[in-house]
Amino acid sequence: MFAVTFLFTHWYLSLFCQTFYLHRYVSHRQFELSTGWNRFFLILTIISQGPSFLRPRHYMLLHARHHAHSDEELDPHSPLQSNNVVSMMSKTFREYLSLKCTSEDFPRIVAVADSLVSRIAFVLLYSVLYLTFTESYWYLLLVPIHSFMGPIHGAIVNWCGHKYGYRNHSIQDNSKNTLFLDFLMMGELYQNNHHANPLKVNFADRWYELDLTYFVFKILKRLKVVQHA
């Protein structure tokens, strides 16, 4: 029971931080956060992504390149430019490492989270939790999933979202809406909708499309945590 609960919670918390904070806030500035809430969501992102934490400004630069060259040769993660999902993510990783350091909102916090010591500590924490709260060493096989949570989410979104599904908008890339898998991705798999309107907070366009992150956004807006840009 612990394994299911922990994996489920970690999956959706890490995913929410990636789509809400790194994607919609840092990369597109679809809404505004106060300094305090910006720091809060950065720390939450660090906790939820753990060993796979990405520097926010690096994420922003990589994502800007993706939109500027979607499904072209310079796209850092397009299934049209890679033979398989592993080679696509390897290309993304190489391009991420090649990015030059840029200013961060909270450089000391980011530097600690980006350190090797921090990443190893998270892997050890996952291992200790499974050793403590489960009865079999086999559960340690789940540790790599927790450790590479961010890249797993990125692989699903960029491979499926530009390969499988339907299109609401005729635009010059291969972006698709992968509706049947989006319950796993909280709106991120409406790639065609997003590429057509990258500044729109709600990634869903049709009545049958549900962007779960947008519903959380509306709650946070009512609580005055976020404001429209």
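A cavity, on a 1 Å grid over the protein atoms alone, is a set of points where a 1.4 Å probe fits but cannot get out, and a lining residue has an atom within 4 Å of a point. Helices (H or I, at least four residues) and strands (E, at least two) are DSSP runs, numbered from the N terminus.

Before I go on, a note on the source. This is a predicted model, in which local features need pLDDT of at least 70, side-chain atom pairs count only at pLDDT 80 or more, and totals for chains, interfaces and linings use all residues. Residues are numbered from 1 along each chain as its sequence is written, and side-chain values use heavy atoms, with hydrogens and water left out.

I start with the cavity. How many cavities of 30 Å³ or more does a search of the whole structure find? The search finds one. About 60 Å³ of space lies in the largest cavity, where a volume is the space filled by probe spheres set on the points, and grid points are joined across faces, edges and corners. Which element gives the largest share of its lining? That is α1, with three residues. Helices α1 and α3 each supply at least two. The lining residues include Tyr21, Tyr25, Arg29, Arg57, Asp105 and Phe106. By class, the lining has seven nonpolar residues, four charged and no polar. For these classes, Ala, Val, Leu, Ile, Met, Phe, Trp, Tyr, Cys and Pro count as nonpolar, Asp, Glu, Lys and Arg as charged, and the others, Gly among them, as polar.

A salt bridge is a side-chain nitrogen of Lys or Arg within 4 Å of a carboxyl oxygen of Asp or Glu. Side chains of opposite charge can pair when their charged atoms come close. The structure holds seven salt bridges. Arg57 and Asp105 form one of them, with the closest N and O atoms 2.8 Å apart. Arg57 lies in helix α3 and Asp105 in the loop between α4 and α5, so the pair ties together parts that are 48 residues apart in sequence. Are the two partners buried or partly exposed? Here buried means under 20% relative accessible area, exposed over 50%, and partly exposed in between (1.4 Å probe, protein chains only). Arg57 counts as buried because its relative accessibility is 15%, whereas Asp105, at 38%, is partly exposed.

Next, Arg55 forms a salt bridge with Asp114, and the closest N and O atoms are 2.8 Å apart. Arg55 is in the loop between α2 and α3, and Asp114 is in the loop between α5 and α6 (116–133), so this pair links distant parts of the chain, 59 residues apart. Arg55 is buried at 16% relative accessibility, and Asp114 is partly exposed at 24%. Glu95 sits in helix α4 and Arg65 in helix α3, 30 residues apart. Glu95 is buried, with 15% relative accessibility, and Arg65 is partly exposed, with 28%.

Now the largest pocket. A pocket is an open set of grid points with protein on both sides within 12 Å along at least five of seven lines. The largest one has a volume of about 800 Å³. It is lined by 34 residues, and Ser52, Leu54, Thr92, Tyr96 and Pro151 lie nearest its centre. Two or more lining residues come from each of α1 (2–27), α3 (56–68), α4 (85–98), α8 (149–160) and α9 (191–196). The lining holds 14 nonpolar, 16 polar and four charged residues.

Then the nonpolar cores. A nonpolar core is a set of buried Ala, Val, Leu, Ile, Met, Phe, Trp, Tyr and Cys residues joined through side-chain atoms within 4.5 Å. The largest has 32 residues, and Phe20, Tyr21, Phe41 and Val226 touch the most other members. Elements that each supply at least two residues of this core include β1 (31–33), α2 (35–49) and α10 (212–222). Which element gives the most to this core? It is α1, with ten residues. Apart from this core lies another, of six residues, among them Ala3, Phe122, Tyr126 and Val143.

For Val226, a contact means heavy atoms within 4.5 Å. Not counting residues up to four places away in sequence, Val226 touches Phe20, Phe31, Glu32, Leu33, Phe217, Leu220 and Lys221.

Ser82 is found in the loop between α3 and α4. Ser82 counts as buried, at 12% relative accessibility. Beyond four places in sequence, Ser82 touches Ser87, Met88 and Trp159.
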